[in-house]
Amino acid sequence: PVEWSFCRFTVAEKSAFVVEDAGRNPRVQSNPLVTQDGLRCYAGMPLITSRGHAVGSLCVAGVEAREFSERDLATLQRYTAEAMRRIETRRVELRP
């Protein structure tokens, strides 16, 4: 369910959401993805259209707590920018 999604924070806030140890993060530690499925780390960047709408997120997640370096987050941001470029290009191509 969307209520469990870590991405909802990324989309709602239109900013990166990073959780290095979900078991210690008060925003998500009781989330079933953490308590039942064992999710421990998450880093997400919002997919924001040229009109400023957050339409989703590009994220990485794992079952072990970990630190995300500035380099890791910069790489994720580059992938997010490329994904958004492709989405926007596709949107333009589909217009009649």
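Contact here means heavy atoms within 4.5 Å. The legends below describe a predicted model.

**View 1. Overall fold of the chain.** The chain holds three helices and three strands, arranged along the sequence as α-β-α-β-β-α. Its C-alpha trace spans about 50 × 30 × 20 Å along the principal axes. Of the 96 residues, 31% count as buried. Among contacts between residues at least 6 apart in sequence, 50% join residues at least 24 apart.

**View 2. Surroundings of V34.** Leaving aside residues up to four places away in sequence, V34 touches F6, A22, G23, V28, Q29, L39 and R40. V34 also belongs to the largest nonpolar core of the chain.

**View 3. The largest nonpolar core.** Ten residues make up this core: F6, C7, F9, F17, V19, A22, V28, V34, L39 and Y42. Helix α1 (7–13) and strand β1 (17–19) each supply at least two of the core residues. A second, separate core has six residues, among them C41, M45, F68 and L76. In soluble globular proteins, nonpolar side chains tend to be buried together.

**View 4. Cysteines without a disulfide.** A search of the whole structure finds zero disulfides. C41 takes part in none, and the nearest cysteine sulfur, that of C59, lies 10 Å away. C41 is buried, at a relative accessible area of 4%, whereas C59 is partly exposed, at 35% relative accessibility. For C59, the closest cysteine sulfur is that of C7, at 3.8 Å. A disulfide requires the two sulfur atoms to be within 2.5 Å, so the C59 and C7 sulfurs are too far apart for a bond. C7 is one of the residues of the largest nonpolar core, and C41 is included in the second one.

**View 5. E88 in helix α3.** E88 is placed in helix α3, which covers residues 70–94. The relative accessible area of E88 is 14%; because buried means under 20%, E88 counts as buried. With residues up to four places away in sequence not counted, E88 touches T49 and S50.

How values were computed: Residues numbered from 1 in each chain as written. Predicted model: local features only at pLDDT ≥ 70, side-chain atom pairs only at ≥ 80, totals over all residues. Heavy atoms only, no water. Buried < 20%, exposed > 50% of the residue type's maximum accessible area, 1.4 Å probe, protein only. Helix = DSSP H or I, 4+ residues; strand = E, 2+ residues; numbered from the N terminus. Core = buried A, V, L, I, M, F, W, Y, C linked by side-chain atoms within 4.5 Å.
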